[in-house]
Amino acid sequence: LRVSHGSVARRDPHLARGVEQLLASSVGIVGDPPPQPCALPFALGDRRAPSRIAVRPELSPDGAPGVGLDEVLAAIDADAPTGVGIVVATVGARSEPLTPPRADLRRTADPREAQRRIVDQAHGRGALIIARIELPGASSEELTASVALAEQVGFDAIVLDPCDQAEAIEALPAAIAAARRLWRPGGWIAAA
């Protein structure tokens, strides 16, 4: 990990510029590419993220908010040359659901409505949002419910995560097949 894009650019600017142009042309950018490859758009099936920078809001180990949705939305809005293009949110019966930003104090009894608002917030800022579904210990009904929730509220892709558990890794092909039956045609399903 000692060779970064920046170190190659210092050592061989011509090579670095050629790689930047090759990557940019592969996603349809003609002319000068952005200053960093992570600023290039990223095609995710039938969807396109404005950059390759992904963040994942989550709870810290003590249950306090870690990187919250407010921070993610601020990163998407940042005036930096490269903002967040992809938000990864854990979805499922065993996960702590994301809550709408602090500015959105409306509460609802329907968790789908809260999730839909979060998806709309990310989409409104031009970012894609991916549903991460943890597989260990999840029943087939929980997997089905998680994929259905992701489909209903408009997530752009799903990632099935066996969390390095041997049994869940072995069950991954069956989980992918079950998810594919419920997920939208052309939508991406990935496995961690």
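**The whole chain**

Start at the N terminus and follow the cartoon: the elements run α-α-β-β-β-α-β-α-β-α-β-α-α-β. That makes seven helices and seven strands, where helices (H or I, at least four residues) and strands (E, at least two) are DSSP runs numbered from the N terminus.

A word on ground rules: this is a predicted model, with local features needing pLDDT of at least 70 and side-chain atom pairs counting only at pLDDT 80 or more, while totals for chains, interfaces and linings use all residues. Residues are numbered from 1 along each chain as its sequence is written, and side-chain values use heavy atoms, leaving out hydrogens and water.

Now select the five strands of the open sheet, in the order 3-4-5-6-7, with parallel pairing. Strand 3 (54–55) and strand 7 (188–191) are the edges, each pairing on one side only. Pairing here takes at least two DSSP bridges between two strands.

Begin at strand 3, which runs parallel to strand 4 and is joined to it by two bridges. Pick alanine 54 and look across: its bridge partner in strand 4 is isoleucine 86. Strand 4 (residues 86–90) pairs with strand 5 in the parallel sense over five bridges.

**Strand 5 and onward**

Which residues of strand 5 are covered? Color residues 128–134 by accessibility: six of the seven are buried, that is, under 20% relative accessible area, with exposed meaning over 50% and partly exposed in between (1.4 Å probe, protein chains only).

Strand 5 also pairs in the parallel sense with strand 6 (residues 157–161), over five bridges. Select glutamate 134 to find its bridge partner in strand 6, aspartate 161. To get from strand 5 to strand 6, the chain passes through helix 5 (residues 140–153), and this β-α-β crossover is right-handed: with the strands pointing away from you, the path from the first strand over the helix to the second runs clockwise.

Jump to helix 2 (residues 13–26) and click leucine 15. Leucine 15 is partly exposed, at 46% relative accessible area.

Finally, zoom out: buried residues make up 37% of the 192 in the chain.
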